[in-house]
Amino acid sequence: MEASSEQQKKSENSSSSSSSKLLLYSYWQSSCSWRVRFALSLKGLPYEYKPVNITKGEQFSPDFKRLNPLHFVPVLVDGDIVVSDSYAILLYLEDKYPQRPLLPADPRLKALNLQAASIINSNIQPLHMVSLLKHLEEKVGPEDSLSFAQLNIEKGLLALEMLLKDFASRYATGDEVYMADVFLAPQIVVSTTRFNINMSKFPTLSRLYESYKILPELEASSPERQPDAVH
């Protein structure tokens, strides 16, 4: 009885929160922001886009610092709840808005999705952040900075290739788009377009991206479709 009451309360809270529009602080070229836009699109959740131009230093404004003292996008505001970091945001959305789940019920597949997302979130993207590469470029030069990024991206993609090759179908862990895919799709785009990574080394990931490219939710959340995009 308690479990049923708790589930009903959670459903009521979710319905109440969904009536007020979410706010997403985002930068169009941020792959971390793209993950969240992709997830929101998959879940069918409307939100207000709040651009933060990190090339102009808007992330260092006092107002944004109150949202995220680390000065990173994305940040999601849901009423009086503020969540930063894309991984945390997706877990929050999964808990608060369970429609169109991004984590499978099967424990093994759920763990695979969380592991794949964590590899990208913790071991790939932080090592090619613009701020880090700019610092390296000033210290060792642009060529070594690029090589550093490429080395770490390929290392992470190889780990993902090995992790997913025996489980991947149309998507990373089956025939449904889950959290691993939400993290993978933007990362593959960034890897190829910004860092010239040869994806032929990663046949499973390359095949997955062919499926991602035709997803309307990925297209709608893509950098070029954002209101702050510079063409």
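## Helix pair and chain overview

Helices α2 and α4 run roughly parallel to each other, a term for axis angles under 35 degrees, with over 145 counting as roughly antiparallel, 65 to 115 as roughly perpendicular and the rest as oblique. The model is predicted, so local features need pLDDT of at least 70 and side-chain atom pairs count only at pLDDT 80 or more, whereas totals for chains, interfaces and linings use all residues. Residues are numbered from 1 along each chain as its sequence is written, and side-chain values use heavy atoms, with hydrogens and water left out.

The axes of α2 (residues 31-43) and α4 (residues 86-96) come within 9 Å and cross at roughly 15°. Axes here are lines fitted to C-alpha atoms, for helices over the stretch in contact, and angles run from 0 to 180 degrees between N-to-C directions. The crossing of α2 and α4 is right-handed, that is, the near helix is turned clockwise from the far one by less than a right angle. On the α2 side, C32, R35, V36, A39, L40 and K43 take part, and they meet S86, I89, L90, L93 and E94 of α4. By class, this contact of α2 with α4 comprises seven nonpolar, one polar and three charged residues. Nonpolar covers Ala, Val, Leu, Ile, Met, Phe, Trp, Tyr, Cys and Pro; charged covers Asp, Glu, Lys and Arg; the others, Gly among them, are polar.

The chain as a whole contains 10 helices and four strands, which are DSSP runs (helices H or I, at least four residues; strands E, at least two) numbered from the N terminus. Their order along the sequence is α-β-α-β-α-β-β-α-α-α-α-α-α-α. Of the 231 residues, 46% are buried, where buried means under 20% relative accessible area, exposed over 50%, and partly exposed in between (1.4 Å probe, protein chains only). Among contacts (heavy atoms within 4.5 Å) with a separation of 6 or more, 68% join residues 24 or more positions apart. The chain exposes about 12,000 Å², and carbon and sulfur atoms supply 53% of that area.

## Individual residues

The loop between α3 (62-67) and β3 (75-78) contains P74, which is joined to V73 by a cis peptide bond with omega of about 5°. H71 is also placed in the loop between α3 and β3. H71 counts as buried because its relative accessibility is 17%. R100, in the loop between α4 and α5 (107-124), is partly exposed, with a relative accessible area of 27%. Both residues are other than glycine and have a positive phi, as tabulated.

| Residue | Phi |
|---|---|
| H71 | near 65° |
| R100 | near 50° |

A172 lies in the loop between α7 (142-164) and α8 (179-193), and it counts as buried because its relative accessibility is 0%. Leaving aside neighbours within four places in sequence, A172 is in contact with L164, F167, A180, D181, L184, L208 and Y212. The C-alpha atoms of A172 and L112 are separated by 9.1 Å, although these residues stand 60 residues apart along the chain.

S222 belongs to the segment after α10 (216-220). At 6% relative accessibility, S222 counts as buried. Apart from neighbours within four places in sequence, S222 is in contact with W34 and R37.

Note on methods:
Areas by Shrake-Rupley, 256 points an atom, 1.4 Å probe, with all protein chains shown as cover.
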